[in-house]
Amino acid sequence: MQLRGFNLLTGVKRRAWLLRLAVLAVMAVALFLAACEDDDEETTSSPTGTGTASSPVATDDPNVVAGYPRCAPGGSNSLAGAGATFPNPLYTKWIDEYKRACNVEVNYQSIGSGGGIRQITEKTVNFGASDGVLTDAQEQAAVAAGGSIMHIAMTSGAVAVIYNLQGVQSGQLKLDGPTLADIYLGNITKWNDAKIVALNPGVSLPNADIAVVHRSDGSGTTFIFANYLSKVSPAWQSGPGFATSVQWPTGLGAAGNEGVAGQVRQLPGSIGYAELAYAHQNNLAFAQMKNKSGAYVTPTLEATTAAAAGVTIPAHMKILITDSSNAAAYPISGFTWILAYQNQEDASKGKALAHYLWWAIHNGQSFATDLDYAPLAPDAAKAAENQILKLQCGGAACLTK
Amino acid sequence: MLNFKLVSGRTAAGRTNRLAMGDWFFRSAMYACGLALLAVTALLVVELARGARPSIVEFGFGFLGGTTWDPVREIFGALPLVYGTILASLVGLLIAVPVSIGTAIFLAELSPQWLRRPASALIEVIAAIPSVILGLWGLFVLVPIVREVVQPVLGDNLGFIPLFDGPRFGVGVLSAGLILAIMIVPIVTAVIRDVLLAVPNSQREAMLALGATRWEVISEAVIPYARSGMVGAIILGLGRAMGETMAVTMVIGNGFQITPSLFEPTHTIASAIASEFAEATTELYIAALIEAALILMVISLLVNIIARLLVGTLVRIPSTVRE
């Protein structure tokens with residue numbers, strides 16, 4: 001009786017166990033089939049993937065970037081770079097994404113363009129970054145230290161002219177280059193100056209002093225802004241000129257984009273300049289600028305990208321795209337560059353660098369818009385590709401299949 | 001037992017020797033600590049001078065007198081910076097000193113015992129506020145007040161004095177002076193309070209015995225006795241004000257110019273270095289900034305040495321005279 005009862009019990013148990021096993025088996029088969037389906041898809045799609053890989057069109061295979069492996073074969077797993085602060089948010093995003101993809105640790109220190117140029121000249125980093133091109137003296141110093149040095153444009157940015165004027169909405173104020181230069185030279189001191197009024201029919205401009213705000217710290221933003229003023233105003237060119245910091249004829253200085261924006265927001269009647277991303281994110285009133293072809297253009301990412309589209313990009317990429325002749329271009333735009341020696345002494349670092357940069361100018365561009373950077377125009381991207389292909393590691397190209 | 005034997009077995013001479021060794025070792029260690037600080041200071045000066053070499057060679061003494069600061073053409077002169085440093089510090093002192101003296105007299109002479117400690121502690125807490133936070137507060141709270149209240153009142157009523165004639169931006173020497181005043185009040189107050197407390201009680205008692213009032217005791221007996229120490233405290237504050245960087249950078253307006261107006265944006269040496277160093281791209285530019293730093297260091301050293309000498313004359317009075 002006891003024994004039978006026991007058997008019965010185990011019988012029940014066994015049946016339940018079998019049931020569970022059956023359920024598990026069905027699930028396993030389903031999973032297996034699903035996995036097989038995935039496999040099928042991959043095997044069917046991969047030939048087309050490799051087929052298109054040689055063209056710069058993005059493939060489905062995330063491990064291939066425009067014909068080259070995303071991660072450097074035999075490359076180092078760490079890189080060090082330093083320089084410009086302006087592209088830092090984008091570079092940080094790239095570094096994070098690239099580390100996840102390739103487990104390459106890129107240590108980027110945003111110490112400013114000047115610092116970046118110094119460090120690459122002293123060869124303490126694998127790459128430098130700058131918002132301005134090297135001056136002849138800087139280039140000579142770098143060439144003496146490590147041979148030919150290359151500029152590779154990574155993204156472009158724009159400088160918005162921001163203002164604080166009671167009753168004048170964002171985008172309502174229109175300015176042209178010579179007028180802006182005159183304001184910053186201290187020649188135009190009132191908002192209702194005839195030159196400003198002439199550009200703004202229908203806008204009531206007050207009889208108020210213009211408070212000019214500029215950057216007090218050296219910056220790539222100043223470089224682009226002053227470079228633009230130099231192109232449109234002979235007086236500016238022979239006066240302050242352009243560099244990461246200049247001798248300002250008038251106005252007050254504030255540190256950083258946030259400092260300038262803070263001053264402009266606080267100070268009625270003020271005018272300043274800040275990088276586009278900053279002006280957008282903080283809802284600052286910005287002016288429309290008249291470009292070279294006579295159109296008034298609102299600073300947008302599209303208009304910034306367009307600035308590089310109308311001009312011939314030279315192979316060395318040392319080109320300032322301010323005052324672009326493209327009709328759709330916003331005139332105060334500029335590239336930001338990575339600086340690297342053409343001949344990479346450490347081949348494994350060179351490979352890692354080349355593949356990282358290759359990834360950045362292709363897949364990396366998709367992160368730009370979200371962070372308010374303008375992606376490279378096709379011509380510029382092509383020129384950047386050619387620059388990266390020139391990187392040499394021990395006599396051969398650093399970028400390898 | 002064995003140990004005891006060993007120890008007691010040592011000769012008297014050996015024991016003295018061992019003691020002398022320990023003494024020698026201790027003394028050398030302490031000397032090393034003391035000299036290390038001097039060495040650091042000396043290294044600082046040497047390193048600054050080395051970094052400044054290109055600028056010293058290029059501009060010579062003209063650097064001190066030059067008024068142009070043009071990074072594009074690489075012409076650098078530090079006079080606007082030195083001027084701005086001294087002007088902003090003096091404005092700061094002018095505001096801070098009366099407040100500090102008043103607070104210190106209250107703490108040393110008038111405050112009830114229960115309030116003295118907490119009040120002193122609170123004032124010293126101000127010294128612990130990070131400079132950049134004071135700077136932010138200055139930019140967002142102080143500067144609008146200066147622009148909307150202080151500058152219109154001063155400009156409309158005293159605008160005929162060049163000091164108060166200028167653009168009403170809010171930022172400028174006046175705001176920088178106000179921020180500096182807030183930053184140096186704690187140290188000046190603390191030192192003056194100590195100096196006042198070091199005045200022998202016999203001084204006060206003698207005055208009181210003559211039938212003097214509280215005011216007469218303080219103004220006739222205490223302050224004259226403490227005068228040199230108080231001057232020292234003020235100069236110590238001056239030294240601090242001259243080196244202050246972050247907060248000043250944020251509110252001084254950062255313009256290279258020599259102007260009598262307190263409303264105009266100017267630069268101090270420290271604010272110029274903080275603003276420009278990161279993006280200084282050429283060798284000469286960096287050298288010029290480093291030379292400016294060297295000038296600031298020399299000025300600060302001189303001011304501090306004077307302050308210490310003046311404070312020292314009073315602190316050396318034996319404390320037994322008091323109480």
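**Salt bridges, a sheet and a buried aspartate**

I start in chain B, where the side chains of Asp70(B) and Arg73(B) meet in a salt bridge, 3.1 Å from N to O. By salt bridge I mean a side-chain nitrogen of Lys or Arg within 4 Å of a carboxyl oxygen of Asp or Glu. Asp70(B) is buried, at a relative accessible area of 5%, while Arg73(B) is partly exposed at 36%. Buried means under 20% relative accessible area, exposed over 50%, and partly exposed in between, with a 1.4 Å probe and protein chains only.

A word on the basis. This is a predicted model, in which local features need pLDDT of at least 70 and side-chain atom pairs count only at pLDDT 80 or more, while totals for chains, interfaces and linings use all residues. Residues are numbered from 1 along each chain as its sequence is written, chains are lettered from A and ligands numbered from 1 in the order in which they are written, and side-chain values use heavy atoms, with hydrogens and water left out.

Staying in chain B, Asp194(B) forms a salt bridge with Arg193(B), with the closest N and O atoms 3.3 Å apart. Here Asp194(B) is partly exposed at 42%, and Arg193(B) is buried at 12%. Both belong to a network of salt bridges that also includes Glu124(B).

Over all chains, the structure holds 16 salt bridges. One of them, in chain A, joins Glu139(A) and Lys318(A) at 2.6 Å, N to O. Glu139(A) lies in helix α4 and Lys318(A) in the loop between α11 (301–309) and β13, so the pair ties together parts that are 179 residues apart in sequence. Lys318(A) is partly exposed, at 26%. Helices (H or I, at least four residues) and strands (E, at least two) are DSSP runs, numbered from the N terminus.

Next, the sheet in chain A. It is open, has 8 strands in the order β4-β3-β5-β13-β6-β10-β8-β9, and its pairing is mixed. β4 (105–109) and β9 (252–254) are at the edges with a single partner strand each, so one side of each has no neighbour in the sheet. Neighbouring strands are turned by 25 degrees against each other on average, direction ignored. Two strands pair if DSSP finds at least two bridges between them.

β5(A) runs antiparallel to β13 (residues 333–341) and is joined to that strand by 3 bridges; Ala129(A) stands opposite Ile338(A) there. Helix α4(A) packs on the sheet and touches β6 (149–164) and β13, its direction making about 150 degrees with that of β6(A). Helix α13 (residues 378–389) touches β6 and β13 as well, at about 145 degrees to β6(A). Axes are lines fitted to C-alpha atoms, for helices over the stretch in contact, and angles run from 0 to 180 degrees between N-to-C directions.

β6(A) pairs antiparallel with β13(A) over 9 bridges and with β10 (residues 270–275) over 6 bridges. Of its 16 residues, 16 are buried, so β6(A) is largely enclosed by the rest of the structure.

Last, Asp131(A), in the loop between β5 (127–130) and α4 (136–146). The Asp131(A) side chain does make a polar contact with that of Thr336(A), at 2.7 Å.

Terms used: Polar contact = N/O pair within 3.5 Å; in protein donor to acceptor, adjacent residues only side chain to side chain. Contact = heavy atoms within 4.5 Å.
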